[in-house]
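Here is a short briefing on side-chain interactions. Look over the sequence and the structure first, then read on.

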Amino acid sequence: MAMISLVLVVFLTYASASDSEGIELVRMVNCTDEFAYHFSAVKKSWREAEDFCQKYGGHLTSIKDARENDFINAYAVDRNLQNPYIGAVRRGVGAARVWKWLDNTTWTWQPSIWYGWEDGSKTTADIYGYYFGTKDKKWKWTAQPLDKSPFICKVPSSGIDVQKEKEKGVEFVKKTDCSKDIAYHFSTVKMNWTNAESFCQEHGGHLTSISSEEEKAFIGANVESRNLYRPYIGALKQGVGAARKWQWIDKTFWTWGPSVFSGQNVGSGTDQDNYGFIYRESKLLSWMTQPNLERAFICKVRTDETTSSGFLLQTDKMLVLLVLTICLTLFTS
């Protein structure tokens, strides 16, 4: 009986210590880094570029939707790639002569995606797509595939070790961080923006970045289910002139277009510092110039660092409860 009491005391002390801290970390479930991208500044002909991509298990990139177009545009601009090849081809004759992606992704684009709406329908030559005008995210085509240009590969993440390839000098980029060591804390305790960021740093992270639609949907669902009112996130706009642009406090690369903001208001009309939050209802981002207001907030942390500091994941809590339940059953039998 004394043994049972001892186990119960340990159980209650452990559970209350965890709960009294108010720290709950949640991981994304079914998170997928389906593809990784290589933005090459090394110039190759269209065929050489495609052969290079195939060597890594992929193709010159397809672009499925506007979100992926924004992502690719942001990295192409950052790396100053001039007219990089993509995996769009138009070959054949008659009804078979339509735009296709090399990796067989379904073509969903209208002629308006092409610069000047010139989609190559007036030529009978084989034509090959490239990214043009990174400011307006338009594409163009060429009938000269032997011309050498930068290029963009898209490869299945499952077939490539991103870290190992980076050590060899070939960098691949993913849209979402699906690392098992990443988790989120949705705080109902209200703080101003600076104190919230300090809190997140104390626990091994920062106010959350959001790098994909998948991550935005996950965060938005938790914000709604926890009824958090416009919680702070790690979006920040500071500086002047060309340096004044949106960035993530954890240095995650910013790939979002204006459509991610409510009303597409990106804060360009003010020269004050802007601090981001996310709407509970629409899952869209917005900003404020008063970081001293206290709000709920969201941290993104590395769990390999925080678990060693005494903070448990939901899954870890469940495991502890299961072990203690088994112990109680053994002692009482």
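With which residue does Glu171 form a salt bridge? The partner is Arg79, and the closest N and O atoms are 3.2 Å apart. This is a predicted model.

**Salt bridges**

- The count of salt bridges comes to 13.
- Glu171 and Arg79 make one of them, at 3.2 Å between the closest N and O atoms. Glu171 sits in the loop between helix H4 (162-167) and strand S9 (173-174). Arg79 sits in the loop between helix H3 (66-78) and strand S4 (85-90). The pair therefore ties together parts that are 92 residues apart in sequence.
- Glu171 is partly exposed, because its relative accessibility is 36%. Arg79 is also partly exposed, at 24% relative accessibility.
- A network of salt bridges links Asp78, Arg79 and Glu171.
- Asp119 and Arg90 meet through their side chains in a salt bridge, at 3.8 Å from N to O. Asp119 belongs to the loop between strand S5 (99-101) and strand S6 (127-132), and Arg90 to strand S4, so this pair joins parts 29 residues apart in sequence.
- Asp119 is buried, with a relative accessible area of 15%. Arg90 is buried as well, with a relative accessible area of 10%.
- Glu165 and Lys168 form a salt bridge, at 4.0 Å from N to O. Glu165 counts as buried, because its relative accessibility is 12%. Lys168 counts as exposed, at 59% relative accessibility.

**Aromatic rings**

- A pair of aromatic rings is described by the distance of the centres and the angle of the planes.
- The count of aromatic pairs comes to 27. Among them is Trp107 with Trp114: the ring centres are 6.4 Å apart and the planes are at 10°, so this pair is stacked.
- Trp114 is buried, because its relative accessibility is 2%, and buried means under 20%.
- Phe186 and Phe218 have ring centres 6.3 Å apart and planes at 65°, so their pair is edge-to-face. Phe186 lies in strand S10 (residues 182-191) and Phe218 in helix H6 (residues 213-225), so the pair connects parts that are 32 residues apart in sequence. Both Phe186 and Phe218 are buried.
- Trp107 and Trp114 are also members of a cluster linked by ring pairs, along with Trp99, Trp101, Trp109 and Trp139.

**Charges over rings**

- Lys154 lies over the face of Phe35, at 4.7 Å from the ring centre.
- Arg295 lies over the face of Tyr232, at 6.0 Å from the ring centre.

**Arg295: a buried charge**

- Where is Arg295 placed? Arg295 is in strand S16 (residues 295-302).
- Arg295 is buried, yet has no salt bridge. Glu281 is the nearest side chain of opposite charge, and it is 9.8 Å away.
- What does the side chain of Arg295 reach at 3.1 Å? It reaches the backbone oxygen of Arg230.
- Beyond neighbours within four places in sequence, Arg295 is in contact with Val189, Lys190, Met191, Tyr229, Arg230, Tyr232, Phe277 and Met288.
- Tyr232 is in contact with Arg295, and the ring of Tyr232 has Arg295 over its face.

Methods:
Residues numbered from 1 in each chain as written. Predicted model: local features only at pLDDT ≥ 70, side-chain atom pairs only at ≥ 80, totals over all residues. Heavy atoms only, no water. Helix = DSSP H or I, 4+ residues; strand = E, 2+ residues; numbered from the N terminus. Buried < 20%, exposed > 50% of the residue type's maximum accessible area, 1.4 Å probe, protein only. Lys, Arg positive; Asp, Glu negative; His and termini not counted. Polar contact = N/O pair within 3.5 Å; in protein donor to acceptor, adjacent residues only side chain to side chain. Contact = heavy atoms within 4.5 Å. Phe/Tyr/Trp six-rings, centres within 6.5 Å; stacked < 30°, edge-to-face > 60°. Lys NZ or Arg CZ within 6 Å of the ring centre and 35° of its normal.
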